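Please look over the structure below.

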Amino acid sequence: MNELEPFPLPERRRPRVYIAGPISRGDLAHNVNQATAAFVALARAGFAPLCPHWSVYSKPARKEILTDDDGEQWPAVICEATAAGNPDMTHADWMGVDLPWVEVADAVVRLPGDSTGADLETAHARARGIPVFGSVRELTDGWADAAIARRMHGGDGCPGAGFCDACGV
C-alpha cells in the first residue's frame with residue numbers, strides 16, 4: 001500500500017470513547033501522561049478514543065535540531081505545553097469544543113483527579129444517557145453489557161460479535 005491509497009476501513013465502527021480527566025489542576029505532565037496511557041490502551045483494545053488533554057499543545061510549534069549524548073542529531077518539532085493550552089482560549093471556549101465531542105461518544109472514561117471540566121463532561125454525558133466508566137479497565141471489562149450494546153445498535157451499525165442482543169451479532 002502506498003501513502004496515497006486509502007486506509008482499509010474496519011468492517012464495523014470502533015466505539016468512540018471520550019477521555020475526561022484533570023488537565024490544569026495538579027501535575028500537568030502526570031495528567032497528560034495518564035490520559036495518553038488511557039488513549040493507547042483504548043486504541044489497542046479496539047476503541048476510537050478522543051484525548052482532549054493534548055490541547056495543552058495547541059500553540060505555535062518551532063523546529064529545533066536535537067542532539068543526544070552520543071552527538072547524534074535529528075530534527076524535531078517542539079511545542080511547549082501549558083495547563084491553559086492556547087492563551088487565546090478560555091476555559092469556556094474549551095468546554096464549548098469538548099462537550100459536542102462528549103455528545104457523540106459511545107462512552108466516557110473519567111480518569112482520577114480533581115477537575116471541574118471533567119466533572120462537567122461526565123455530567124453532560126450522564127444527562128444524555130452516555131455511560132461513564134471510572135477507568136479503562138472498567139470500560140473494557142463492562143463493554144459487552146447489554147445496555148451499552150443496545151445504545152450502540154442502530155444507524156451507525158452494531159459494534160460486532162457478542163455485543164448486540166438486539167440483532168444477535
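## Cover over α1

This is a predicted model.

## Span and ends of α1

Helix α1 takes in residues 28–44, 17 residues in total. From first C-alpha to last, α1 reaches 24 Å. That is close to the 24 Å expected at 1.5 Å a residue.

D27 caps the N-terminal end. One of its side-chain oxygens lies 3.1 Å from the backbone nitrogen of A29. After α1 comes G46, with a positive phi near 100 degrees.

Which residues of α1 are buried? They are N31, V32, Q34, A35, A38 and L42. Viewed down the axis of α1, the buried residues fall within an arc of 160 degrees, so they line one face of the helix.

N33 and R44 sit on the other side of α1. Both N33 and R44 are exposed.

## Cysteines

How many disulfides does a search of the whole structure find? The search returns zero.

Is C51 buried or exposed? C51 has 7% relative accessibility, so it counts as buried; the cut-off for buried is under 20%. C79 has a relative accessible area of 22% and is therefore partly exposed.

Note on methods
Residues numbered from 1 in each chain as written. Predicted model: local features only at pLDDT ≥ 70, side-chain atom pairs only at ≥ 80, totals over all residues. Heavy atoms only, no water. Helix = DSSP H or I, 4+ residues; strand = E, 2+ residues; numbered from the N terminus. Expected span 1.5 Å × (residues − 1). Buried < 20%, exposed > 50% of the residue type's maximum accessible area, 1.4 Å probe, protein only. Arc of directions from axis to C-beta. Polar contact = N/O pair within 3.5 Å; in protein donor to acceptor, adjacent residues only side chain to side chain. Disulfide = S-S within 2.5 Å.
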